[in-house]
Amino acid sequence: AYIDEDVGQHRPHRRPCMRCGLLLPVSPTIAPSLEFSENFEVGPPTRARALAEIARSEAPDLILLGKQGVGTDETQTGPMLAELLGLPHVSAVGKFELTGDGFVAHREVEGAVEVHEGRLPAVLSIDKGINEPRYASVKGIMQAKKKTIDVHPVEASTDSPAVVWESLELPPPRPDGRTIEGDPAEQAAELVRILRDEEKVI
């Protein structure tokens, strides 16, 4: 099944994006729907609980998610979902293979590649570039328009959100740079004085 991971009040303007998933050879397509107040921020815990409820009813052998959200870069939904379901999880997967009732996942770390083996069912958070995107055919686009999107109400609690955004603002502007005159010895001495007496960092 293809599940739209943008958990929230089901919004009609997202349906064209969701129908991109219908171009894949999967069925059905599910849109989690969660009722909440206007100022409620759907964070990774709420998203994971909503997806876990659907996963329990669908009982998939393999759950694939993106590595991270492009807006907040939290990289938490996958691990939280796996924890709620009691399933093995590997994040930032750049390559994986299915081996009967198990999997082998490769993830890049600094200067090396980790290889993880596990049993299905499992949750994998996939890094970008794992496959080449394909262009949809006109026939596929027309067929996707006729398929049904199953809006699935979920019961994840929104009374006490685990993540609350207090504010969002730009960082303060950086001050202009300064030029220190003199020979190297004088420049070094002046730099030490600035760091010690003015910036108070040493």
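Trainee: What makes residues 1-10 a stretch to treat with care?

Mentor: This is a predicted model, and pLDDT stays under 50 over residues 1-10. The model still has 44 contacts beyond four places in sequence for that stretch. Residues 35-39 also have a pLDDT below 50, with 6 contacts in the model beyond near neighbours in sequence. Where pLDDT is low, the predicted coordinates should not be read in detail.

Trainee: How do you know where in the chain confidence is lowest and where it is highest?

Mentor: Look at the means on the scale from 0 to 100. Strand β1 (residues 2-3) has the lowest, at 46, while strand β6 (residues 112-119) has the highest, at 94. The chain averages 77, and 68% of the residues score at least 70.

Trainee: Why is S125 called buried?

Mentor: Buried means under 20% relative accessible area. S125 has 2%, so S125 is buried. This residue lies in strand β7 (residues 122-126). Leaving aside residues up to four places away in sequence, S125 touches several others, among them L65, G66, H89 and V93.

Trainee: What makes E198 and R178 a salt bridge?

Mentor: The cut-off is 4 Å between a side-chain nitrogen of Lys or Arg and a carboxyl oxygen of Asp or Glu. For E198 and R178 the closest N and O atoms are 2.8 Å apart, so the pair qualifies. E198 lies in helix α5 (residues 184-198) and R178 in the loop between β8 (149-153) and α5, so the bridge ties together parts 20 residues apart in sequence. R178 is exposed at 52%, whereas E198 is partly exposed at 38%.

Trainee: How do you know that R193 and E190 are separated by about one helical turn?

Mentor: They are 3 residues apart in helix α5. An α-helix has 3.6 residues a turn, so residues three or four places apart point the same way. R193 and E190 also form a salt bridge, with 2.8 Å between the closest N and O atoms. R178, E190, R193 and E198 are linked in a network of salt bridges.

Trainee: What makes V138, I141 and M142 a patch?

Mentor: Patch residues need over 30% relative accessible area and no salt bridge, and nonpolar side chains are joined within 5 Å. I141, in helix α4 (residues 138-146), has 38%, so I141 clears the accessibility cut-off. Together, V138, I141 and M142 form a nonpolar patch on the surface with about 280 Å² of accessible area.

Technical notes:
Residues are numbered from 1 along each chain as its sequence is written. This is a predicted model: local features need pLDDT of at least 70, side-chain atom pairs count only at pLDDT 80 or more; totals for chains, interfaces and linings use all residues. Side-chain values use heavy atoms; hydrogens and water are left out. Patches are made of residues with over 30% relative accessible area and no salt bridge: like charges are joined within 9 Å, nonpolar side chains (Val, Leu, Ile, Met, Phe, Trp, Tyr) within 5 Å. Accessible areas come from the Shrake-Rupley method with a 1.4 Å probe; for residues, only the protein chains shown count as cover. Helices (H or I, at least four residues) and strands (E, at least two) are DSSP runs, numbered from the N terminus. Buried means under 20% relative accessible area, exposed over 50%, partly exposed in between (1.4 Å probe, protein chains only). pLDDT is the predictor's confidence in each residue, from 0 to 100. Contact means heavy atoms within 4.5 Å.
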